[in-house]
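Welcome, and take a moment to look over the model before reading on. We will go from the whole chain to a few of its parts.

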Amino acid sequence: MRSVIALLILPLLAACQSQNPYQAESLPMPPAPPGAASTFDRSAYPAPPRDYGRYRTWSWDAGRPPSGAAWLNGEQLADSVSAGLDQYGLRPAQNGSGDLLVNARLTQETRLRQYQDDAGAYYGGGPWGRHYGAWGSTPIVRTYEEKVAVVRLELIDPRDRQVVWSGSGEALAGKDQSAQAEAMRAAIRAALNGYPPH
């Protein structure tokens, strides 16, 4: 038996001793493209960290305040955005362009919400204190629509036109004008939540 196993292993050992058909070879590097020595490739290096502490003032991008929506005018939106930015130490620029340019957009959108209601029933009973029966439960999923106020904000560095912060927030739209204004303020707070990034 051992001799049979040895005879089977011998061809495998002989195969391991054969020459490797794959040979390593090196090719010369291709020449650098023209102008490579004088061109700085910014994409090859990470961007320097942005100093958010130097942003102290802001102005509307292109000098245009937001237009608002049909249910809330642009002046109310502009005042609420200004109050929201003020909470983060950003003040409106008095002369010329600020350290940041601001874009703000307000929309009212419809969201589909679902909630599950577990309806159940117990069947059974019994005489003399003995109880028997069964419990059953059937989940009922209800879907409804609700209107939300959505605010989208962009803060842009005017030096390189890079967006340094963008955020959106939403809040349940109110039934009357004061409730809608409060929903817009809540959406602005949500859009600015986490500014400045760490």
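How much accessible surface does the protein chain have, and what share of that surface belongs to carbon and sulfur atoms? The accessible surface comes to about 14,800 Å², and 54% of that area belongs to carbon and sulfur atoms. Please keep in mind that this is a predicted model. The average pLDDT of the protein chain is 82, with 86% of the residues scoring at least 70. Among the elements, the highest mean pLDDT, 96, goes to strand β1 (residues 57-60), while strand β2 (residues 68-69) has the lowest, 70.

Now let us follow the chain from end to end. The protein chain holds three helices and seven strands, and along the sequence they come in the pattern α-β-β-β-α-β-β-β-β-α. Of its 198 residues, 25% are buried. If you count the contacts with a separation of 6 or more, 68% of them are between residues 24 or more positions apart.

Helix α2 covers residues 74-86, 13 residues in total, and its first and last C-alpha atoms are 18 Å apart, close to the 18 Å expected at 1.5 Å a residue. Which residues of α2 are buried? They are G74, L77, A78, S80, V81, G84 and L85. Because these residues cover an arc of only 165° around the axis, they are on the same side of α2.

Helix α3 can be read in the same manner. With 16 residues, α3 reaches 23 Å from first C-alpha to last, close to the 22 Å expected at 1.5 Å a residue. Its buried residues are Q180, A181, A183, M184, A187, I188, A191 and L192. Once again the arc around the axis is only 165°, which puts these residues on the same side of α3. After α3 comes G194, which has a positive phi, near 95°.

Next, turn to the aromatic rings. How many aromatic pairs are there? The count comes to five. One of them joins W58 and W60: their ring centres are 4.9 Å apart and their planes are at 80°, so this pair is edge-to-face. W58 counts as buried, at 5% relative accessibility, and W60 counts as buried too, at 16%. Another pair is W165 with Y195, whose ring centres are 5.6 Å apart with planes at 75°, so this pair is also edge-to-face. The pair links distant parts of the chain, since W165 is in strand β7 (residues 162-172) and Y195 is in the segment after α3 (177-192), 30 residues apart. Both W165 and Y195 are buried. These two rings also belong to one aromatic cluster, formed by Y52, Y55, Y88, W165 and Y195.

Finally, find L90, in the loop between α2 and β4 (91-92). Is L90 buried or exposed? L90 has a relative accessible area of 2%, so L90 is buried. Setting aside its neighbours within four places in sequence, L90 is in contact with Y55, R56, W58, L85, L100 and Y195. As for L100, its C-alpha is 8.9 Å from that of L90, and the two residues are 10 apart in sequence.

Key
Residues numbered from 1 in each chain as written. Predicted model: local features only at pLDDT ≥ 70, side-chain atom pairs only at ≥ 80, totals over all residues. Heavy atoms only, no water. Helix = DSSP H or I, 4+ residues; strand = E, 2+ residues; numbered from the N terminus. Expected span 1.5 Å × (residues − 1). Buried < 20%, exposed > 50% of the residue type's maximum accessible area, 1.4 Å probe, protein only. Arc of directions from axis to C-beta. Phe/Tyr/Trp six-rings, centres within 6.5 Å; stacked < 30°, edge-to-face > 60°. pLDDT = per-residue confidence, 0-100. Contact = heavy atoms within 4.5 Å. Areas by Shrake-Rupley, 256 points an atom, 1.4 Å probe, with all protein chains shown as cover.
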